[in-house]
Amino acid sequence: MKSVTNKIILLTSIFLILTIGIVAFVYSQAERNEFVCATEIPQPICGNAFSEKAKEGRNLFNANCAACHKLYKKMVGPSLKGLVQNGRYPSKEYFYEYVRNENKLIEQNDEYAKAINDEYSRDYSHEFELTDLEVEQILEYISE
Ligand code: HEC
């Protein structure tokens, strides 16, 4: 009688082990199939994130402006990303003027320059000795 019980236990165990094995196998196959379906390789987009001009601009920005400005976040000065494109500035030339001779704009009673100065501090005045090309490069960097 005891040996019959043992046999039943043995057979049940084998049955259970087989069932678990089959279920695990089926699952692993299902997963593998899913993986195969997901391997359609998307076309990689290659190329530099920044143009050469913007890279120069980034160096100039880091050396001259980054102490007070971030692209996306207000710091000592306002964030500068997309300054011209998003309509904050009337033109590129305005940016040149602001960076190289902010005082001139203030003296001309330029409304915008006065307002931005009031919002921050009147103490700081931009008088960078940068060439046209350098300012253009910075502008390219903050625009891209
Ligand atoms: C010592 C800190 C400091 C440095 C360095 C600095 N700025 Fe500024 N910037 C400010 C502050 C403060 C303002 C806010 C208005 C003001 O006080 O002139 C400002 C405002 C500006 C604005 C006007 C932003 C707007 O919303 O219209 C521009 C453009 C600008 N900075 C560009 C630059 C560039 C480009 C450089 C680097 C070549 C630079 N700044 C370096 C502090 C700085």
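The protein has five helices and zero strands, where helices (H or I, at least four residues) and strands (E, at least two) are DSSP runs numbered from the N terminus. Read along the sequence, the pattern is α-α-α-α-α. This is a predicted model, in which local features need pLDDT of at least 70, side-chain atom pairs count only at pLDDT 80 or more, and totals for chains, interfaces and linings use all residues. Residues are numbered from 1 along each chain as its sequence is written.

**Burial and the core**

- Of the 144 residues, 10% count as buried; a residue is buried if 20 or more other C-beta atoms, placed from the backbone, lie within 10 Å of its own, exposed if 12 or fewer, and partly exposed in between.
- The largest nonpolar core has twelve residues: F61, C65, L80, F95, Y98, L105, A113, V135, I138, L139, Y141 and I142.
- Such a core is a set of buried Ala, Val, Leu, Ile, Met, Phe, Trp, Tyr and Cys residues joined through C-beta atoms within 7 Å.
- Helices α3 (92–107) and α5 are the elements that give two or more residues to this core, and the largest share, five residues, comes from α5.
- Among contacts between residues at least 6 apart in sequence, 59% join residues at least 24 apart; two residues are in contact if their C-beta atoms, placed from the backbone, lie within 7 Å.

**How the helices pack**

- Two packed helices are described by the angle between their axes and the distance between the axes.
- Helix α2 (residues 52–64) packs on α5 at about 100°, with the axes 7 Å apart; these axes are lines fitted to C-alpha atoms over the stretch in contact, and angles run from 0 to 180 degrees between N-to-C directions.
- Helices α2 and α5 are therefore roughly perpendicular to each other, the word used for 65 to 115 degrees (under 35 is roughly parallel, over 145 roughly antiparallel and the rest oblique).
- On the α2 side the contact uses K53, A54, E56, G57, R58, L60 and F61, and these meet E134, Q137, I138, E140 and Y141 in α5.
- The residues of the contact of α2 with α5 divide into five nonpolar, two polar and five charged; Ala, Val, Leu, Ile, Met, Phe, Trp, Tyr, Cys and Pro count as nonpolar, Asp, Glu, Lys and Arg as charged, and the others, Gly among them, as polar.
- The axes of α3 and α4 come within 9 Å and cross at roughly 100°, which makes α3 roughly perpendicular to α4.
- Y98, E102, L105 and I106 of α3 make this contact with A113, K114 and N117 of α4.

**Around the ligand**

- The ligand is surrounded by 23 residues, of which the closest are N64, C65, C68, G77 and Y120; a residue is near if its C-beta atom, placed from the backbone, lies within 6 Å of the molecule.
- By class, the shell has 15 nonpolar, six polar and two charged residues.
- The largest share of the shell, four residues, comes from α3.

**Two loop residues to look at**

- L130 lies in the loop between α4 (111–119) and α5 (132–143) and counts as partly exposed because it has 16 C-beta neighbours inside 10 Å.
- Leaving aside residues up to four places away in sequence, L130 touches V99, R100 and V135.
- N109 is in the loop between α3 and α4, and N109 is exposed, with 8 other C-beta atoms within 10 Å.
- The phi of N109 is near 60°, a positive value in a residue other than glycine.
- Most residues other than glycine have a negative phi.
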